[in-house]
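Please look over the chain shown below before reading the notes that follow.

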Amino acid sequence: MSDLQIRLSAPNAIRIAIPTGLFINNEFVKGRSEERLICTDPANEEYICSVEMATASDVDDAIRAARAAYDHPSWGGLTSEDRSKLLLSMADVVEKNMRQLYSVQCLELGRPYDCALHGEGPYLVQLLRSYASWAEKLDIRRLDSINSLADKDPTRRVFQQPVGVCYVIAPWDYLLIDAVEDLGAALATGNCVILQPSEDAPLSALYLAKLFKEAGYPPGVVQVLIGYAKPYGKNLSAHSGIDKIVNTKICTKSPTIIFDDADMMRAPLWALYGGFGRAGQLCTTNTRILVHERVEGRFLELVNFFVKGWKNHIGDPFDPLVQPGQQAPQASKRHLDRVLSDIEAAKKSGAKLVFGGGRLKGVKGYYIEPTIFSGVTSDMKEFEKIAGSGPILAITTFKTEDEAIAIANKLAYSSTAMIFTESPAVARRTASKLRAKFVYVNEVNDIKFGNLEGQGRGGGHSADEELSKSRGVHLECLFAEPAAMEKK
């Protein structure tokens with residue numbers, strides 16, 4: 001692997017050896033593609049390295065390796081307790097390499113290092129240990145289920161088995177947590193995995209693969225392939241060797257509803273934090289602001305005042321003084337261009353630009369000004385695109401509680417919602433009617449979850465149902481009388 005890694009010293013003085021090859025059968029290998037994926041630091045637009053890209057032949061190799069591992073006793077013959085020990089080993093290895101892992105993420109995504117290290121890192125380790133604890137007794141729970149059925153009908157058995165080879169798609173906004181959430185679930189239930197990270201964050205996934213090998217996972221159990229979502233991802237998802245596609249998350253345009261009795265010192269600040277935190281790139285970003293028409297003027301006045309200070313919150317992602325609310329760069333040039341395109345679409349739709357509206361001037365990196373639009377209505381042609389994934393707030397007014405709920409529920413991908421009101425009755429009624437997985441009242445959300453409409457599993461111990469399959473066995477001959485069996 002000597003020519004398939006790059007050694008560098010991050011701005012925080014941590015030295016890292018980052019793999020740049022495809023991870024197939026526990027080895028970093030060259031891809032068959034002549035093209036390489038260029039990785040750029042979004043905070044300063046400087047070149048980091050290039051990584052190998054997969055072709056259809058590389059996909060075939062990875063799936064063959066995964067299938068062989070699934071059938072081999074070194075993985076397929078393990079008990080759930082054995083798999084638990086491997087997950088605990090992985091948790092220990094991740095904990096030991098936490099600084100290197102999050103330095104890699106900071107380099108390729110511009111995610112503030114200290115905030116991610118101390119905010120996300122412990123959860124990452126906890127997630128692995130949680131899956132290990134759950135996996136440890138999985139065989140016992142399955143056996144209890146089998147015996148329960150046998151008590152009702154001694155001729156029938158239903159066994160749970162891993163589905164086989166899982167294709168895991170990990171987006172870039174919380175790549176490490178999303179990848180571990182899905183990999184942990186798949187591995188706990190005995191599956192083999194092919195991970196496709198976003199093309200904006202290949203280095204974090206490749207470094208994670210290196211740690212799986214160090215933790216002792218057998219060859220072929222975890223593979224990491226790099227490529228563009230189209231056509232590479234499409235080819236992988238349609239491959240006959242893939243038994244299950246796991247994609248727990250999609251990008252959202254979540255609503256914040258501010259009623260006329262809301263605390264007007266708290267609501268504007270939380271609206272800014274919920275919409276502009278991490279440059280508006282979190283899966284739970286609340287970029288759609290619904291404000292009661294009676295308080296729109298006051299709300300806009302305060303938001304305009306607060307956002308002027310926000311614009312100056314630009315810092316080196318490796319600076320330990322950088323706070324979670326400070327402005328981060330867009331993850332890539334591709335994403336930067338898409339957000340700028342959304343801003344232009346909003347202008348053409350008739351939305352009123354209140355603040356921002358372009359790239360930040362005078363700084364290097366893929367930074368966009370905090371941008372606010374007012375006068376946004378649900379009948380606008382580009383309503384769904386306004387306030388997409390980026391530091392953009394779209395403000396829409398409403399007259400009644402029912403109207404606010406109707407507008408909020410028009411959003412296709414709402415995973416979270418925020419409500420600001422001093423009335424417990426209004427909060428309860430509104431929360432019960434919103435099509436959002438999680439609702440926060442008078443506070444900002446700062447966690448990630450899956451989507452409401454079955455778009456993703458979002459982790460959790462329901463994994464045994466989704467990542468295993470039932471096999472029914474009829475045992476009548478085993479319970480037949482000996483004389484009857486002799487006649488047969």
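**Briefing on the predicted model**

Helix α1, which spans residues 56–71, has 16 residues and reaches 23 Å from its first C-alpha to its last, close to the 22 Å expected at 1.5 Å a residue. The coordinates discussed here belong to a predicted model. The protein chain has 17 helices and 19 strands, and 55% of its 488 residues count as buried.

**Helices**

- The buried residues of α1 are Asp58, Val59, Ala62, Ile63, Ala65, Ala66, Ala69 and Tyr70. These residues cover an arc of only 160° around the axis, which puts them on the same side of α1.
- Exposed residues of α1, namely Ala56, Arg64 and Asp71, are carried on the face turned away from its buried side.
- Helix α6, made up of residues 121–136, also has 16 residues, and from its first C-alpha to its last it reaches 23 Å, close to the 22 Å expected at 1.5 Å a residue.
- Buried positions in α6 are Gly121, Leu124, Val125, Leu127, Leu128, Tyr131, Ala132, Trp134 and Ala135.

**The seven-stranded sheet**

- An open sheet is formed by 7 strands in the order β14-β15-β16-β13-β12-β17-β18, and their pairing is mixed. Strands β14 (352–355) and β18 (438–441) stand at the edges with a single partner strand each, so one side of each is left without a neighbour in the sheet. On average, and with direction ignored, neighbouring strands of this sheet are turned by 25° against each other.
- Within this order, strand β15 (residues 371–374) and strand β16 (residues 392–398) pair in the parallel sense over 3 bridges, and Thr371 stands opposite Ile392 in β16.
- Helix α14 (residues 401–409) lies across β12 (255–258), β13 (288–292) and β16, and runs at about 145° to β16.

**Hairpins**

- Strands β1 (residues 5–9) and β2 (residues 15–19) pair in the antiparallel sense over 5 bridges, with Leu8 standing opposite Ile16 in β2.
- These two strands, β1 and β2, form a hairpin with 5 residues between them, and Ala13 in the turn has a positive phi of about 75°.
- Strand β5 (residues 36–41) runs antiparallel to β6 and is joined to it by 6 bridges, and the bridge partner of Thr40 in β6 is Tyr47.
- The hairpin of β5 and β6 has 4 residues between the strands, and here Glu45 takes a positive phi near 65°.
- In strand β6 (residues 46–52), 5 of the 7 residues are buried, so this strand is largely enclosed by the rest of the structure.

**Single residues in loops**

- Most residues other than glycine have a negative phi. Ala13 is not a glycine, yet its phi is positive; this residue is found in the loop between β1 and β2 and, at 61% relative accessibility, counts as exposed.
- Asn26 likewise has a positive phi, near 70°, in a residue other than glycine. Its place is in the loop between β3 (22–24) and β4 (27–29), where Asn26 is buried, with a relative accessible area of 9%.
- Is Glu199 buried or exposed? Glu199 is buried, because its relative accessible area is 16% and so falls under the 20% limit. The residue sits in the loop between β9 (192–197) and α9 (202–214).
- Leaving aside neighbours within four places in sequence, Glu199 is in contact with Leu37, Gly227, Tyr228, Ala229 and Arg334.

**Contacts and confidence**

- Among contacts between residues at least 6 apart in sequence, 76% join residues at least 24 apart.
- The protein chain averages a pLDDT of 82, and 79% of the residues score at least 70. Over residues 446–460, however, the pLDDT is below 50, although this stretch has 50 contacts in the model beyond near neighbours in sequence.
- Residues 477–488 form another stretch over which pLDDT stays under 50, and for them the model has 5 contacts beyond four places in sequence.
- Where pLDDT is low, the predicted coordinates should not be read in detail.

How values were computed:
Residues numbered from 1 in each chain as written. Predicted model: local features only at pLDDT ≥ 70, side-chain atom pairs only at ≥ 80, totals over all residues. Heavy atoms only, no water. Expected span 1.5 Å × (residues − 1). Buried < 20%, exposed > 50% of the residue type's maximum accessible area, 1.4 Å probe, protein only. Arc of directions from axis to C-beta. Pairing = 2+ DSSP bridges. Axes fitted to C-alpha atoms, helices over the stretch in contact; angles between N-to-C directions. Contact = heavy atoms within 4.5 Å. pLDDT = per-residue confidence, 0-100.
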